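Q: I am new to this structure and would like to learn how its features are read. Could we go through them one at a time?

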Amino acid sequence: SSGINAECRLFETTFLGRPCLMKERFKKSYRHPVLDEKLTNKRLSQECRMLSKCRSLGIRTPTVYYVNNKTNTIYMEYMKQTVVFKDFVDEHVAKGERRVLADLCFNVGYTIALLHNGDIVHGDLTSSNVLVMKRIDKFDCVLIDFGLSTNSSLVEDKGVDLYVLEKAFLSTHPNSQDLFDKILAGYCSAAHSQKVVMSKLSEIRLRGRKRSMVG
């Protein structure tokens, strides 16, 4: 089976006998072919570098098995035992099991803090770009889709990363401010510069509100 979005296609396949996901980046026909190839290759290598760096920071991400620069394809670990965070939230909200969600959301925030402590900004944090993996007595989270990620130590970039997640989370999961607050609590428990990042997040929210008022 396969999945598709604006940037890439995903296929289930095998690599050296192991189940894996093949992620293929599209050619953009509206871009100059040479520029398109350069940008696509840059995005591809950036994603692989970030996945590798995440693992060195203790963040669970899919293992990269092989990269084919000619076809702009990454072969990576297929994590069959995971559920998309978005679906996990929807299912547990419907069942009224918010306690499980509160613990998991704290863990998600903690994981994003580890990311930012390593000066990685994800660039596209949503509840669809986090996977949930069941451990014996708890749920762990796995971060995926680092195609828009960058190396940055800027407080502004880290604040925007959280703001993007907040907007996406609250629009996808209405009436879940309490759960997003748990994500922020988890973040603040581990982030090196949590005070300045939280202050920056408040400032970015204010800018967002002013923009929407101006229209």
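A: Let us begin with handedness: a crossing is left-handed if the near helix is turned anticlockwise from the far one by less than a right angle, and right-handed if clockwise. The model here is predicted, so local features need pLDDT of at least 70 and side-chain atom pairs count only at pLDDT 80 or more, while totals for chains, interfaces and linings use all residues. Residues are numbered from 1 along each chain as its sequence is written, and side-chain values use heavy atoms, with hydrogens and water left out.

Q: How do α4 and α5 pack, and what is the hand of their crossing?

A: Axes are lines fitted to C-alpha atoms, for helices over the stretch in contact, and angles run from 0 to 180 degrees between N-to-C directions. Helix α4 (residues 155-172) and helix α5 (residues 177-190) pack at about 155 degrees, with axes 10 Å apart. Therefore α4 is roughly antiparallel to α5, given that angles under 35 degrees count as roughly parallel, over 145 as roughly antiparallel, 65 to 115 as roughly perpendicular and the rest as oblique. The crossing of α4 and α5 is right-handed.

Q: Which residues of α4 and α5 meet?

A: Contact means heavy atoms within 4.5 Å; on the α4 side the residues include L162, L165 and F169, and on the α5 side they include F180, I183 and Y187. The residues of this contact divide into 9 nonpolar, 1 polar and 2 charged, where Ala, Val, Leu, Ile, Met, Phe, Trp, Tyr, Cys and Pro count as nonpolar, Asp, Glu, Lys and Arg as charged, and the others, Gly among them, as polar.

Q: What is the hand of the crossing of α2 and α3?

A: The crossing of α2 and α3 is left-handed, and among the residues that meet there are F88 and V89 in α2 and L101 and L104 in α3.

Q: How many disulfides does the structure hold, and is C48 buried or exposed?

A: A disulfide is a covalent bond between the sulfur atoms of two cysteines. By the criterion of a pair of cysteine sulfur atoms within 2.5 Å, the structure holds 0 disulfides. Buried means under 20% relative accessible area, exposed over 50%, and partly exposed in between (1.4 Å probe, protein chains only); C48, at 14%, is therefore buried, whereas C188, at 26%, is partly exposed.

Key. Helix = DSSP H or I, 4+ residues; strand = E, 2+ residues; numbered from the N terminus.
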